[in-house]
Amino acid sequence: MNAPLPKRIWQWFTRTRIGRSIFRIGLPESNLERSQVMVSSFLLHMQPAKVHRHSLRASYSLGLGLISLYLFLILIGTGVLLMFYYVPSTEKAYDIMKDLQYVVSAGLVIRNMHRWAAHLMVLFVLLHMCRVFYTGAYKRPREFNWVIGVGLFLLTLGLSFTGYLLPWDQLAFWAITVGTNIAGYAPVIGLKLKYLMLGGNVVGQEALTRFYALHVIVLPTVALLMLAVHLWRVRKDGGLSRPDEPGDIVQQIQLKQLPTNKTYGLMELARGTTPQVGKNPEDEVFAWPHLVFRELLLFLLVTAMVLFLAIFWNAPLEELANPIHPPNPAKAPWYFLGLQELVSYSAFWGGVVVPGLLVTALVLLPYIDRQRKGVGHWFARERVVANTIFSVCLVIAVVLTIIGTSFRGPNWGWVEPWKNAPAVTEGH
Amino acid sequence: MNRSTPDNKNELPRRGFFQLTLGWLAGAFAVAASAAGAVRFLVPNVLFEPSLRFKAGKPDDYPDGSVTFMEDERIFLVRQGNTFRCLSAICTHLGCTVNRADHGYHCPCHGSVFDEQGSVKSGPAPRGLEWFQVTLSKDKRLLLDKNQRVAADKYLVL
Ligand code: HEM
Ligand code: FES
């Protein structure tokens with residue numbers, strides 16, 4: 001057998017005492033070893049030993065959840081690096097941003113990577129949510145995983161928003177001023193909530209300290225824990241959703257229906273509330289190598305994409321935060337510009353009622369739409385009503401965002417991006 | 001597990017029952033109190049923000065007919081003849097600082113327009129700009145107090 005050199009080196013290494021003590025199973029050669037390698041490694045055991053062919057189909061999931069996950073990992077990596085320099089102080093933060101750009105080796109690229117990965121993560125989490133919707137993947141038994149997903153979506157926005165303040169430039173200062181004032185419109189608790197968020201009445205050092213704590217420890221930890229549950233449930237729900245096959249009964253045995261006068265092994269119990277899946281072994285393939293290498297390849301591609309963006313485009317950094325002069329127009333980050341456009345009609349309706357209703361509708365969705373038809377297909381004909389409603393909301397959100405981003409100029413007035421923006425006139 | 005005592009289950013001795021309830025209540029109370037303490041901990045008692053009451057110099061520092069913007073305090077001092085008024089520069093919509101425009105004030109963030117009286121002429125602002133009390137201190141300085149809201153037609157007349 002003439003294997004390539006790296007493979008031979010690896011095989012030799014995993015046969016040595018030390019290699020064996022670390023990896024237990026070397027490169028698997030037989031189907032037995034392919035299963036063993038998945039269960040004997042900490043990182044790999046989170047995944048099943050065998051996966052359904054349908055789950056591997058790139059045209060089904062588009063890998064959007066995985067891409068979100070990888071972006072999150074990249075954000076943790078680059079974020080921890082940035083923490084080695086960053087100080088959450090209104091006096092120092094901005095200067096440190098400049099240092100990162102001009103003094104620290106690779107500082108510019110690391111900062112760019114962090115920024116672009118953050119934008120991309122919001123985008124890809126949104127796309128992932130659309131994919132899950134359009135394939136009806138939130139239906140039984142995955143209802144609650146959808147709810148966890150909504151939580152992750154909000155956490156993603158929260159992470160972006162808290163991170164936005166940290167450079168302490170004009171963009172940061174005014175986006176957070178506007179954002180926290182929107183929270184102030186919430187009925188009853190609004191003003192208290194704003195005071196609590198800012199640790200005072202205005203965006204200042206206290207607010208920066210709080211946002212920093214939220215951004216680097218509170219929100220990432222909560223997101224990681226929820227992510228663990230999210231992925232664990234994907235697996236416990238029998239892998240990705242797929243069309244029901246004849247003879248493939250989705251069976252939900254309630255644990256309490258089982259006779260209680262006998263002792264159960266884990267295998268018997270574990271099957272309790274999960275659907276019976278993959279009845280036909282023909283449809284399943286080994287996770288090693290089919291799943292594992294696809295995942296690894298996707299990770300490399302995502303990293304390459306972020307690095308590419310970070311090398312050719314710089315993250316914005318405006319002037320030092322100035323509480324007196326809002327930039328004209330003052331804009332929130334792009335994913336909030338649809339909201340800001342709504343808020344420019346009415347802060348209460350646009351800032352509180354509409355987003356509140358949207359989130360509530362998202363959370364309740366899997367419990368309202370309970371029909372089990374059309375799961376596992378993109379744009380299934382049985383789901384035309386649901387898909388239309390979702391698409392209309394989506395289009396409205398996208399249009400509002402585009403208006404807020406490109407069609408709003410000084411004084412939030414209408415501008416057409418292909419014409420030159422009128423000169424800004426300052427009053428004093 | 002223990003299938004031999006289904007009958008005794010309902011006959012918990014009375015003292016045991018009370019002790020158990022008390023124990024659970026005490027534990028729940030301790031957890032609730034810690035949570036309440038944690039929330040209260042996050043509400044600051046002292047603010048390091050500029051004082052809401054401050055002196056703004058001598059009345060004659062401000063020429064007749066002037067509208068003076070004070071950056072740190074985010075207010076406009078308006079003098080007309082012998083009258084002095086103090087207008088908040090914080091947009092009632094979402095807290096941006098408004099700019100002085102030809103016949104009133106303009107908010108750059110979402111385009112609210114206010115007239116000379118601070119009332120909303122157009123845009124999303126729900127209320128007009130606030131007016132604050134102006135008085136004269138003992139040493140004949142203008143004393144502005146952002147805690148005291150007043151009507152638009154209340155002047156300090158000298
Ligand atoms: C931090 C953000 C998120 C990450 C990292 C993430 C990650 C993942 C991953 C890796 C999968 C496996 C399948 C795939 O790659 O598509 C998945 C599946 C799933 N996700 Fe997410 N997700 C996130 C947010 C969301 C959101 C916002 C929703 C919906 C509101 C959601 C709902 C679901 C559901 C229902 C599944 C199962 C899909 C199926 O079985 O076909 N997730 N997620
Ligand atoms: S903050 Fe002034 S119009 Fe929105």
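A:Phe161 is buried, at 14% relative accessible area. Buried means under 20% relative accessible area, exposed over 50%, and partly exposed in between, with a 1.4 Å probe and protein chains only. This is a predicted model, in which local features need pLDDT of at least 70, side-chain atom pairs count only at pLDDT 80 or more, and totals for chains, interfaces and linings use all residues. Residues are numbered from 1 along each chain as its sequence is written, chains are lettered from A and ligands numbered from 1 in the order in which they are written, and side-chain values use heavy atoms, with hydrogens and water left out.

**Aromatic pairs**

- Rings of Phe, Tyr and Trp (its six-membered ring) pair if their centres lie within 6.5 Å; planes under 30 degrees apart count as stacked, over 60 as edge-to-face and the rest as tilted.
- Over all chains, the count is 25 aromatic pairs.
- One of them joins A:Phe133 and A:Tyr134, edge-to-face, at 6.0 Å centre to centre and 90° between the planes.
- A:Phe133 counts as buried at 3% relative accessibility, and A:Tyr134 counts as buried at 9%.
- A:Phe161 and A:Phe211 form a tilted pair, 6.1 Å centre to centre with 55° between the planes.
- A:Phe161 lies in helix H9 (residues 143-165) of chain A and A:Phe211 in helix H12 (residues 205-236) of chain A, so this pair ties together parts 50 residues apart in sequence.
- Helices (H or I, at least four residues) and strands (E, at least two) are DSSP runs, numbered from the N terminus.
- A:Phe211 is buried, with 1% relative accessible area.
- Ring pairs link A:Phe133, A:Tyr134, A:Tyr138, A:Trp146, A:Trp378, A:Phe379 and A:Phe390 into a cluster.

**Charges over rings**

- A charge sits over a ring if NZ of Lys or CZ of Arg is within 6 Å of the ring centre and within 35 degrees of the ring normal.
- A:Arg383 lies over the face of A:Phe133, 5.1 Å from the ring centre.
- In chain B, the charged end of B:Arg85 sits over the ring of B:Trp131, 4.1 Å from its centre.

**Sheet in chain B**

- Four strands of chain B form an open, antiparallel sheet in the order S5-S6-S7-S8.
- Strands S5 (99-101) and S8 (120-122) of chain B stand at the edges with a single partner strand each, so one side of each has no neighbour in the sheet.
- Two strands pair if DSSP finds at least two bridges between them.
- Strand S7 (residues 113-114) of chain B pairs with S8(B) in the antiparallel sense over two bridges.
- B:Val113 stands opposite B:Ser122 in S8(B).
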